[in-house]
Amino acid sequence: MNILLIGGSCNLMNRLIIKLKKEGHRVHLLTGQQYSVSVSEYEKVFERYEFSYDNANLNEVFESVAPDVTLFLGAYDTNFNWQNGERESVRFMSSLMNLLVAYAVVNKGKFIFLSSEEVYQGCYQKGIREEEPASPRGFRGVVQVQAEDMCAGFRDSWKRNVLVLRLDHLYSVPHTVEEMDGICAAMCRKAMETGVIRAAPDVVCSLLYESDAVEFIYLIISAKKTKDSLYHLSSSEPFTELGIAKMVAGNLKEPVNVVSVNKPYKSSRVLSNERFLKEFGASVCHPAADGVKRVVSHMRKNREVFVSGGEEELPLWKRIWQRFGWFLKMAVPFIENMICFIPVFMLNNRTTDSTYFSRLDFYLFYVLLFAIVYGQYQAMFSAVLAVSGYLFRQMYTRSGFEVMLDYTTYVWMAQLFIVGLVVGYMRDRTRSVRAESEEIQQYLNRQLRDIKDINSSNVRVKDVLERQVIDQKDSIGKLYSITSTLDQYMPEEVLFYAVDILSQIMRSPDVAVYVVYNSDYARMFSASSKAARKLGNSIRYPDMGALYEALKVHKVFINRKLDDKYPLMANAIYENDQMKMIIMLWGIPWERMTLGQANLLVVISYLIQNAVLRAGRYMAALERQRYMVDTRILEPDAFTSLVKAYQKAKKRNLTECTLLQIEALPEEYGEAGEVLMKNLRQSDYLGTMTDGRLYVLLANTVQREAEIIVSRFKAAGYESRIVEEIGV
């Protein structure tokens, strides 16, 4: 399988790489940092991508890898430093969003997010099952819960295979002070520094050794299909903090005083791995006693690293290599040179008296070979060895004095040094030019990458402006021309057709308009689809959490968590700082849930508000003409116009309405109106029609719901019936 691992360098990442390579998988790595990570910090992988999580090329990375499994370290990603919780929480959520979007676009394999036990705080009497609601404290816990919710949103809304794994108190053998993130390592360091460990007997947790966690994660990676989307990975073996302290002290093999202290709060957090065991049947290979022993043993051997901040004690051969490795690396070419000189010397001696090979100069070939491979320094050394060998061979038949007086010796030596040094110099120069070229190429590649990022951003901006200027779909002039068509409708029809206009401009098939009747409740006036009616005909908007918090400060609500309980985008229309209407949009693609679309919704809302205000002023001006004297009963013309508007909107599936005919005499209409209005909502209407009868128009009410109103009227002393066909 192609597996893409995402996260910073740490023990967990390296163990995962080793495990996956051992099992024969092709491992790709996305480091999350662009330039600053050293290659040596990670185990070797098939392909390594140096990209940050906000890089515009993430889609191309996913398309290139086409991973069968994508694993994001999440809560254990060392790219995030949680000392500044506010800043890191924003960066963490945006990074996860970018990764999920890139994964969702490719739409291949499964995405695994690693969470931790920090999503729970408090005291739980039994093992915490996956169904238990999260109860986080602190930035990390809250952010992890939000990240899990985001994964669930992508899984439900985008229909992607996104899994969440919660690891319970993960710990491992640390090699540096920065890797001391477990309770065992912290206790061991405290014991070595002070000789005292303070622990609470009423704090209970479970420990999961890193090797076991890797095995559990691999079982889920290799599974073709999983029954659930959330699993707890834990040993499920409860230990008190005091019990862990005693295990640490027992393995430290030095006097340690374990002191029991009482904390102001009790804490018991043990994740239940029952669901995981039932499906995969794995078991823990490193119980807490074994894991704690490994941690303490390593930290005791390397006391200077964890107490004094020194370096880890290495084996003797590694220490020798660190101290003298530079010398050995430098000496290797010279040793190789001397070893190669021996066969060259022997060949030269054998061919000196040969008829066919006496003209061959093996020493020249030898010097040229090392000049080409290593450069001028080795050419100089090989030339010295060659001259020594030549002189030694000449002294077989002549004295050293005679050899020194022979001018041909100096000519041959000059030839040897000149050729060796020239070739060596050219080789060094070629290597230098090549290194400079590679450095320039890397620099230009980085510039090209930055230019591509800038160009991609410019292309997106250009496309938006092009759509606005050329297509004229989002221009102010086009918006005004569309919304101005509301002026041609009757005052009763304005809000019905405002839904159509919103759906057209926002390119959303699911739009709903709620009218606020008091400080707590809003009643649906019109909706464009069944999906837009999912909140019901009446809502108590102050209880809608994040949506209400955004609307009350005059901001557009954008559902970035893709929570099914809320619309994807919403805006409120105010008049004199009083909320009058709420516009909700449901069917919006994720890529259009942007600040630009939010601003567009605000502009449309203002334009619609103007049309509604004009209609409202018109209705107020005709107030006396619309109602019967001293009653709230509409005159026939006003009521008939209203019924026609609702009937027309109902045929277009913009609203639901029911008409009731009241059995009452004309002289009883005044008294009947007072009684009936007490049993109606503010959105319902009472009036007469051209036949002289009294009617009630129930807005956003189907016939089944209207039967309840019929029962209320009957209890109040008035018979009524539902008019099936509204004939006006």
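This is a predicted model: local features need pLDDT of at least 70, side-chain atom pairs count only at pLDDT 80 or more; totals for chains, interfaces and linings use all residues.
Visitor: Where do the buried residues of α2 fall, seen down the axis of the helix?
Guide: Helix α2 covers residues 58-65, and L58, V61, F62 and V65 are buried there. Viewed along the axis of α2, these buried residues fall within an arc of 95°, so they line one face of the helix.

Visitor: Which elements do the buried residues of α2 pack against?
Guide: The buried residues of α2 are L58, V61, F62 and V65. Their packing partners are β1 (2-6), β2 (26-32), β3 (47-52), β4 (69-72) and α3 (85-106).

Visitor: Which residue just after α2 takes a positive phi?
Guide: Helix α2 runs over residues 58-65. Just after α2, a positive phi of about 50° is taken by A66.

Visitor: Is E50 buried or exposed?
Guide: E50 lies in strand β3. The cut-off for buried is under 20% relative accessible area. The relative accessible area of E50 is 19%, so E50 counts as buried.

Visitor: What is the length of the polar contact between the side chains of E50 and R48?
Guide: The side chain of E50 has a polar contact of 3.1 Å with that of T31. With the side chain of R48, E50 makes a polar contact of 2.6 Å.

Visitor: How many residues apart are F72 and F113?
Guide: The count of aromatic pairs comes to 23. F72 and F113 form a tilted pair, with 6.0 Å centre to centre and 40° between the planes. This pair links distant parts of the chain, from F72 in strand β4 to F113 in strand β5 (residues 110-116), and the separation is 41 residues.

Visitor: What is the relative accessible area of F111?
Guide: F111 pairs with Y103 in a tilted arrangement, 5.5 Å centre to centre and 45° between the planes. Y103 counts as buried at 2% relative accessibility. F111 is buried too, and its relative accessible area is 0%.

Visitor: Which residues do ring pairs link into a cluster?
Guide: Both F72 and F113 are buried. Ring pairs link these two into a cluster along with others, the members being Y53, F72, F80, W82, F92 and F113.

Visitor: How far from the ring centre of F46 is the charged end of R26?
Guide: K19 lies over the face of Y218, at 5.1 Å from the ring centre. The charged end of R26 sits over the ring of F46, and its distance from the centre is 4.2 Å.

Notes
Residues are numbered from 1 along each chain as its sequence is written. Side-chain values use heavy atoms; hydrogens and water are left out. Buried means under 20% relative accessible area, exposed over 50%, partly exposed in between (1.4 Å probe, protein chains only). Helices (H or I, at least four residues) and strands (E, at least two) are DSSP runs, numbered from the N terminus. The arc is that of the directions from the helix axis to the C-beta atoms. Contact means heavy atoms within 4.5 Å. A polar contact is a pair of N or O atoms within 3.5 Å; within protein, one must be able to donate a hydrogen and the other to accept it, and residues adjacent in sequence count only if both atoms are side-chain atoms. Rings of Phe, Tyr and Trp (its six-membered ring) pair if their centres lie within 6.5 Å; planes under 30 degrees apart count as stacked, over 60 as edge-to-face and the rest as tilted. A charge sits over a ring if NZ of Lys or CZ of Arg is within 6 Å of the ring centre and within 35 degrees of the ring normal.
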